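Here are a few exercises to work through with the structure open beside you. Try each one before reading its solution.

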Amino acid sequence: MTDGKLRHALTVGDVARRSGVAVSTVHFYDAKGLIEGWRTDGNQRRYHRAVLRRIAIIRIAQRAGIPLATIRDALADLPHDHVPDAADWRRFTDAWRSMLEERILGLTQLRDQITNCIGCGCLSLEDCPLRNPGDELGRQGPGPRRLVAGGSARPRRGSKPA
């Protein structure tokens, strides 16, 4: 590592303090591949200053409900010593826009229809406009029918399939 790079590098504590996250969060983001640093000859972790903008992007995306894996994929092609700019942010948001629109639509529907749902989790009520319009699931058999996305209920270990 060059002396200049090391002189301008940030310690884990510096990153945590300047980005407003806990040191454990810095370590977590590093372990998940969202940020990347290097080790000094003394085995101390150091980060390029660009990590501060990356952490800001991660925090904003998390607050919007973007999964960490999706955030990591978006950041994957961005060099760790590159400070993300407006064009990078536009690329991220363009990629996330449809996911956010779906979430907004779902939450809006939930807000508008929640009074008709008792929230019991059975998902096979005769009148459940949220998850079981017209009791379609009730015609498929008894009990909760939609426990996992894209499929029917899975039998528990040791039980016979319905």
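**Exercise 1.** In which helix is R54 found? Then work out what surrounds its side chain.

*Solution.* The model is a predicted one, so please read each distance below as a computed value.

Step 1: locate the residue. R54 is found in helix 4, which spans residues 51–63.

Step 2: look for a charged partner. R54 is buried yet has no salt bridge. The nearest side chain of opposite charge belongs to E36, 7.5 Å away, whereas a salt bridge requires the nitrogen and the carboxyl oxygen to be within 4 Å.

Step 3: look for a backbone partner. The R54 side chain reaches the backbone oxygen of L78 at 3.1 Å.

Step 4: list the neighbours. Leaving out residues up to four places away in sequence, R54 touches L34, I35, L75, L78, P79, H80 and P84.

**Exercise 2.** Where does L78 lie, and which residues does L78 touch?

*Solution.* L78 sits in the loop between helix 5 (68–75) and helix 6.

Step 1: check its accessibility. At 4% relative accessibility, L78 counts as buried.

Step 2: collect the contacts. With residues up to four places away in sequence set aside, L78 touches R54, P84, D88, R91 and F92. As for D88, its C-alpha atom is separated from that of L78 by 8.4 Å, and the two residues are 10 apart along the chain.

**Exercise 3.** How many salt bridges does the structure hold? Describe each pair.

*Solution.* The count is 3 salt bridges. As background, side chains of opposite charge can pair when their charged atoms come close.

Step 1: take D14 and R17. Their side chains meet in a salt bridge at 2.6 Å, N to O. Both belong to helix 2 (residues 12–19), and being 3 residues apart they are separated by about one helical turn. D14 is partly exposed at 21% relative accessibility, and R17 is exposed, with a relative accessible area of 60%.

Step 2: take R45 and D30. The closest N and O atoms of this salt bridge are 2.9 Å apart. R45 lies in strand 3 (residues 45–47) and D30 in helix 3 (residues 23–31), so the pair ties together parts that are 15 residues apart in sequence. Both R45 and D30 are buried.

Step 3: take R91 and D88, two of the residues that L78 touches. Their closest N and O atoms are 3.1 Å apart in a salt bridge. Both lie in helix 6 (residues 86–113), 3 residues apart, about one turn of the helix. R91 is partly exposed at 42% relative accessibility, while D88 is buried at 7%.

Key: Residues numbered from 1 in each chain as written. Predicted model: local features only at pLDDT ≥ 70, side-chain atom pairs only at ≥ 80, totals over all residues. Heavy atoms only, no water. Helix = DSSP H or I, 4+ residues; strand = E, 2+ residues; numbered from the N terminus. Buried < 20%, exposed > 50% of the residue type's maximum accessible area, 1.4 Å probe, protein only. Lys, Arg positive; Asp, Glu negative; His and termini not counted. Polar contact = N/O pair within 3.5 Å; in protein donor to acceptor, adjacent residues only side chain to side chain. Contact = heavy atoms within 4.5 Å.
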